[in-house]
Amino acid sequence: MISTYLPYRQIRYQTDLTPVEIQQILAENVITGFSFVNSKPYCGSFSNYDFSVRKTYSSIKKQSIKPTVTGRYQSSEGKTYVTLTLMPHSIQIIFVALFGLPCLLFLVNGFSEFLKTWDITILVNCFFPVLILYGILWGIFQFQGNADLRFWEHTLSLKNVVNAPQNGVITPF
């Protein structure tokens, strides 16, 4: 449940494609070297069993602050399993750290005031800047990340692998 609110996702999929076919699809959709103009939607790198890509900004600029999609794929028992990991760009992490520090100091100061007065409104008001900053960045990550996941799910014909219950407990994805 809490993992849904984190700016990090790791999802395991299954596909009917072989690792060789996945490499061919990656070669069709990922810019791996230097080029001025390219119509491929992602830039990054890939090897025999993993890849790391980020959506390009336009056909000329390859830089963007969209999330990084890291994938690993392997064959096991005649099926190919793909694990996609979605992480925010390092610029977004630095932005949260820079603007989160004053919010954190405000929260600490407000908590000390709450302990002096026991007024719950002071404590609630201290959480608003933190929640607003994190909420905005989390929403941007969710919006951009969902678009990337939909692209790779469609392109690689991925089917979500449902975790089998372990001791009666179903673990989240």
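Is F151 buried, partly exposed or exposed?

1. F151 is partly exposed, at 24% relative accessibility. Buried means under 20% relative accessible area, exposed over 50%, and partly exposed in between (1.4 Å probe, protein chains only).

2. This is a predicted model, in which local features need pLDDT of at least 70 and side-chain atom pairs count only at pLDDT 80 or more, while totals for chains, interfaces and linings use all residues. Residues are numbered from 1 along each chain as its sequence is written, and side-chain values use heavy atoms, with hydrogens and water left out.

3. The whole structure holds 8 aromatic pairs. Rings of Phe, Tyr and Trp (its six-membered ring) pair if their centres lie within 6.5 Å; planes under 30 degrees apart are stacked, over 60 edge-to-face, and the rest tilted. The pair of Y42 and F151 is tilted because the planes stand at 35°, with the ring centres 5.0 Å apart. Y42 belongs to strand β3 (residues 42-46) and F151 to helix α3 (residues 120-155), 109 residues apart. Helices (H or I, at least four residues) and strands (E, at least two) are DSSP runs, numbered from the N terminus. Y42 is buried, at 1% relative accessible area.

4. F51 and W152 also make a tilted pair, with centres 5.6 Å apart and planes at 40°. F51 is in strand β4 (residues 50-55) and W152 in helix α3, 101 residues apart. Both F51 and W152 are buried.

5. One aromatic cluster takes in Y42, Y49, F51, Y73, F151 and W152.

6. The charged end of K55 sits over the ring of Y42, 5.3 Å from its centre. The criterion is NZ of Lys or CZ of Arg within 6 Å of the ring centre and within 35 degrees of the ring normal. R12 lies over the face of Y81, 4.5 Å from the ring centre.
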